[in-house]
Amino acid sequence: MTGLAHEPRPNVASPAPGKHVGWSELGPRIASGVVLMIAALVVTLLGGHPFNLFWLAAALAILWEWQGLIGRTRRFGHFGIGAVALAGATAFAAGGLPEYSLLLLAAAAIALAWCAAPGKRLMSAAGVLYAGALVSAVCILRSSFPNGMEAILWLFAVVWGTDSMAFFGGRLIGGPKLSPRFSPSKTWSGFVVGVVSGSLFGWAISPYPASASTMVALGLLAGALAQGGDLFESALKRRSGVKDASGLIPGHGGVMDRLDGFIVASVFAACLGVWRFGVGSAG
């Protein structure tokens, strides 16, 4: 994305090159993570409006944080445009009409780009697409029949497993850095441990008679993409000169910090499901 290679703005403190979540910060991180996991699992089991509203709220938080990262002026007005688009996209995706979700998000992206100052148009448009991709993907998957709930649970297992085991694997094993420029704390050992573990967790909860080799391969790909999503957000934060997207979630930063990998993995799963089985059975 344009501008990710720029140096942090001089008037904003850059994150310390070697700073990462340490063992002393595990308490708040685990506590807030458990609360969010329970909430996500409950709404996934319930489905319907609770699920849709939960993920719409997450998308709205992401849109707000994105605008903060790019330093947008007139933030409330632009957020309002994006919020209307996200609400409509959620309804269309949950109703089995993803094409209308895409059209609405594209229209909002064009409007936000047109309203933005020169040099910020691409990033302004990308924010609503980024948040909209998340809520559209999960609503398409969860509302599909017959395995909508199982598809979301599989994503949780893969992404949560990848993220958690990459954290522990990287700190216990160490070794070469994965991307020292954008995320100094990540290591190749953590990446491998995380992706393999997430894939196995996903396979373990896959419904019968899913092919083990297929589910492991899909888990590996989804886990790797999730790590890529994490690096993308790290690059965006480094460009903006901040450590976290916000301070909303103790131990995790913002909603974007918590869902960066899940966004990419869920979009991958939704696109693959729609291509393979159609919108109604994407899960």
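Reply: Happy to! Keep in mind that this is a predicted model. Let's start with a pair of helices: helix 3 (residues 75–94) and helix 5 (residues 121–142) pack with their axes 8 Å apart, at an angle of about 20°.

Me: Are helix 3 and helix 5 roughly parallel or roughly perpendicular, then?

Reply: Angles under 35 degrees count as roughly parallel, so helix 3 and helix 5 are roughly parallel to each other.

Me: And what's the handedness of the crossing?

Reply: Helix 3 passes helix 5 in a right-handed crossing.

Me: Which residues meet there?

Reply: From helix 3 you have G82, A85, L86, A89, T90, A93 and A94. Their partners in helix 5 are V128, A131, G132, V135, S136, C139 and I140.

Me: How many of the residues in that contact are nonpolar, polar or charged?

Reply: The contact of helix 3 with helix 5 has 10 nonpolar and 4 polar residues, and no charged ones.

Me: New topic: pockets. How much space lies in the second largest pocket?

Reply: About 620 Å³. Its lining is made up of 23 residues, and those nearest the centre are M215, L218, F277, A282 and G283.

Me: Which elements give two or more residues to that lining?

Reply: Those are helix 6 (148–173), helix 8 (212–240) and helix 9 (255–277). Helix 9 gives the most to the lining, with 6 residues.

Conventions. Residues numbered from 1 in each chain as written. Predicted model: local features only at pLDDT ≥ 70, side-chain atom pairs only at ≥ 80, totals over all residues. Heavy atoms only, no water. 1 Å grid on protein atoms, 1.4 Å probe; cavity = no way out; pocket = protein on both sides within 12 Å on 5 of 7 lines; lining within 4 Å. Points joined across faces, edges and corners; volume = space filled by probe spheres on them. Helix = DSSP H or I, 4+ residues; strand = E, 2+ residues; numbered from the N terminus. Axes fitted to C-alpha atoms, helices over the stretch in contact; angles between N-to-C directions. Parallel < 35°, antiparallel > 145°, perpendicular 65-115°, else oblique. Left-handed = near helix turned anticlockwise from the far one by under 90°. Contact = heavy atoms within 4.5 Å. Nonpolar A, V, L, I, M, F, W, Y, C, P; charged D, E, K, R; others polar.
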